Amino acid sequence: MPLLTIFNTEMEVFEKVDFLQEKLAKIDSNQNLGLVPTMGALHQGHLSLIERAKKDNEFVLATIFVNPTQFDKADDLINYPKDLDRDLSLLEKAGCNYVFVPSVQEVYGENVVAEDYDFGPMDKVMEGRYRSGHFDGVATIVHRLFEIAKPNRAYFGEKDYQQLAIIKAMVRQRSMSVEIVPCPILRETDGLAMSSRNVRLDDRQRQATPFIYQNLEAAKVLFEAGQDLDSIRKAVQLGFDQNPLLELEYFEIADQDQLLPQKTWDGQSKIRAFIAVFAGQVRLIDNIALN
Ligand code: AMP
């Protein structure tokens, strides 16, 4: 069990469920544990979750696990960026108390498959439509981490807004007592949502990517000016048709709770715009509240 003692704080790193649970069992019942699940290749967006978790809880546990069952494409899993030493040093600087870095076998045993969940229409649109089985994989790993660590609260970024909604639904379905805390999207200064995948962009692609958030902001401006959802969708599609470096996979406007795509706005419901774009082989997602 390695123990890092850089930067004057002590952060403990665990690879085994048993050792982690032994440690967590020592937390007083009147103290809280906040969990921040990640796939590593950490950036400021992840660290903002740690910061929030530290404010709310006496102890913070981060997990680093590239979950194979949520990847629908083998290439994407193989190419997922990894830098464990850097991640651990960032977590320690951020004041994280514990890190769980399990192997695939430690999490899944010999049976590396996702459970079958039923989230109704919510996991069949947008990410669920284009990444087959993705949310079964997400729900499976998050449920497993909740079972292992039994956190009081768990922190998720609105960057993956649909994932957040799915996790809330999973917690309701399984009657788990953990509180799910949504955290705002952190962006680069030019608007690109921070993502582990951004390091895979070449210079030209990186320069092209602020266009993604510009379109989300433009969609919001059009919505506020009273444009109907269909013309907003068409305007975004047209913009991407003329951009040689970015390929639009989907642009969808959906209500913020059920994530049901909306043809028209009912004048009341809270709605968001969601986007997925390819820059070469790199797939990027983002979203924005329209009202
Ligand atoms: P990942 O490592 O991509 O699985 O992300 C781990 C957590 O960090 C998820 O809850 C993400 O939604 C969150 N996250 C990723 N990027 C950002 C960002 N730019 N701003 C806020 N949260 C983020």
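My entries follow, topic by topic.

**Ground rules.** I note that this is a predicted model, where local features need pLDDT of at least 70, side-chain atom pairs count only at pLDDT 80 or more, and totals for chains, interfaces and linings use all residues. Residues are numbered from 1 along each chain as its sequence is written, and side-chain values use heavy atoms, with hydrogens and water left out.

**Cavity.** I looked for cavities (sets of points on a 1 Å grid over the protein atoms alone where a 1.4 Å probe fits but cannot get out). I found 1 cavity of 30 Å³ or more. The largest cavity holds about 50 Å³ of space, a volume being the space filled by probe spheres set on the points, which are joined across faces, edges and corners. I then listed its lining (residues with an atom within 4 Å of a point). Lys159, Leu192, Ala193, Ser195, Asn198, Ile212, Leu284, Ile285 and Asp286 line it. Strand E10 (residues 282–289) gives the most to this lining, with 3 residues. Strands (E, at least two residues) and helices (H or I, at least four) are DSSP runs, numbered from the N terminus.

**Helix H7.** I checked its length next. The 16 residues of H7 (residues 134–149) should span 22 Å at 1.5 Å a residue, and the end C-alpha atoms are 23 Å apart, which agrees. The expected span is 1.5 Å times one less than the number of residues. Buried means under 20% relative accessible area, exposed over 50%, partly exposed in between (1.4 Å probe, protein chains only). Just after H7, Lys150 takes a positive phi of about 45°.

**Salt bridges.** I counted 19 salt bridges, each a side-chain nitrogen of Lys or Arg within 4 Å of a carboxyl oxygen of Asp or Glu.

- Asp286 pairs with Arg187, the closest N and O atoms being 2.8 Å apart. The pair links distant parts of the chain, with Asp286 in strand E10 and Arg187 in the loop between strand E7 (179–183) and helix H9 (203–208), 99 residues apart. Asp286 is buried, at 5% relative accessible area.
- Arg233 pairs with Glu252, the closest N and O atoms being 3.5 Å apart. Both Arg233 and Glu252 are buried.
- Glu249 pairs with Arg283, the closest N and O atoms being 2.7 Å apart. This pair joins strand E8 to strand E10, 34 residues apart.

Note on methods: On a 1 Å grid over the protein atoms alone, a cavity is a set of points where a 1.4 Å probe fits but cannot get out, and a pocket is an open set with protein on both sides within 12 Å along at least five of seven lines; lining residues have an atom within 4 Å of a point.
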